[in-house]
Amino acid sequence: MSSENSPQNPALPEPGTEPRKPRVAVVFGGRSSEHGISVVTGGAVLGSIDRSRYDVLPIGITTEGGWVLTADEPARMAITERTVPDVDALAEPGEGAVVLPVAPGNREVLYSEPGSVPKVLGDVDVVFPVLHGPYGEDGTFQGLLELAGIPYVGSGVLASAVGQDKEYMKRVFTSFGLPVGPYLVIRPREWDADEAAARARIIEFAGEHGWPLFVKPARGGSSVGITKVDGPEGLDAALAEARRHDPKILVESLLRGREIECGVLEFEDGPRASVPAEIPPVQAHDFYDFEAKYIDSAPGLVPAPLTEEQTAEVQRLAVEAFEAASCEGLVRADFFLTEDGGFVINEINTMPGFTPISMYPRMWQESGVDYPALVDQLVQAALRRSTGLR
């Protein structure tokens, strides 16, 4: 697919020429606090992508923001002994850096070392960015690829930014009539101007909606920086922890009910929803925090034990959320099935956890799309799509 703003995809051969395999750059790591989980996801994609159909270039982004070539060794990219991997341990020896083209029409990736002529790594036809959190999942990386004119897996700049900023995500959902729970936002200027007044506003919110509250970075993920606060005495520590990751703070009231997730995947005829899953409580964890998700996690229930009517409703809401935020490629939509029997959408994740045991791939496995086919579907969707306005 091509447009006036985007060059024709070189992975699609001219008539009468021998086709070549599309080249996929799998990019992982990044500068956010979710660096390690991104590396785990990158390893899963590298280990599952069909090498008979695609050439693959693994690119890691360090916690400092450097782009490096890494070993193509998925086995080294797994969580071991409760420790997540990092890009520095996978980087090829040397001080070289990967350089992405910035001019549309040029998809030639280079490897530059001090004092040496840059080495050509070849053209890249599509980027699979398995980056989580700020500087990767929030539209910044997607904007870079738009400037370069390189197709990529997943949502564009706007949807990625909306999916990362939980305040504006909720505002978009509300404007489209989707149900959201009570929340409060403390922006950096408000905090800097009067911390006491900001705390007082949170206390007032708790008086209206009750304790406990959840205090979290407004633009974080993987449950990093989230604290469940049972009363005013725990508020200061929770605010400090959230602000360690993001100067913008989101405060949410507790929604009592079951945690339900649903995957959305883009096909040629539009987005479709997977069977939903349920996240059971994890023993010894007050809520679904980082360790509950990635270290001590219990298997989710796939499919979720819901009625046919409940399944159809959560699938409908998941696709509506996907469309409301102008998403592309994939989304995991997270809901609460409240005690009164209604669904409330908590958030969407435009690049969800993507290891074979993550909930998103498991939901699609149960829906008839196994992990390699899921990777292929996402790459093919990206190859069909142009960059620029669409």
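Reader: What places glutamate 347 in strand β16?
Author: Strand β16 covers residues 343-349, and glutamate 347 falls in that run. Strands here are DSSP runs of E with at least two residues, helices are runs of H or I with at least four residues, and both are numbered from the N terminus. This is a predicted model, in which local features need pLDDT of at least 70, side-chain atom pairs count only at pLDDT 80 or more, and totals for chains, interfaces and linings use all residues. Residues are numbered from 1 along each chain as its sequence is written, and side-chain values use heavy atoms, with hydrogens and water left out.

Reader: Why does glutamate 347 count as buried?
Author: Buried means under 20% relative accessible area, exposed over 50%, and partly exposed in between, with a 1.4 Å probe and protein chains only. Glutamate 347 has 14% relative accessibility, so it counts as buried.

Reader: Which residues does glutamate 347 contact, leaving aside neighbours within four places in sequence?
Author: They are Lys166, Met169, Arg332, Ala333 and Asp334. Contact means heavy atoms within 4.5 Å.

Reader: What does UniProt list for "binding site"?
Author: The unreviewed UniProt entry lists Asp334 and Glu347. Such annotations may be inferred rather than shown by experiment.

Reader: Why is aspartate 334 called buried?
Author: Its relative accessible area is 10%, so aspartate 334 is buried. Aspartate 334 lies in strand β15, residues 330-338.

Reader: Why is α3 called roughly perpendicular to α4?
Author: The axes of helix α3 (residues 157-164) and helix α4 (residues 166-175) come within 5 Å and cross at roughly 105°. That makes α3 roughly perpendicular to α4. Angles under 35 degrees count as roughly parallel, over 145 as roughly antiparallel, 65 to 115 as roughly perpendicular and the rest as oblique. Axes are lines fitted to C-alpha atoms, for helices over the stretch in contact, and angles run from 0 to 180 degrees between N-to-C directions.

Reader: Which residues of α3 and α4 meet?
Author: Val162, Gly163 and Gln164 in α3 meet Lys166, Tyr168, Met169 and Val172 in α4.

Reader: What makes the contact between the side chains of glutamate 278 and arginine 258 polar?
Author: A polar contact is a pair of N or O atoms within 3.5 Å; within protein, one must be able to donate a hydrogen and the other to accept it, and residues adjacent in sequence count only if both atoms are side-chain atoms. The two side chains make such a contact at 2.7 Å.
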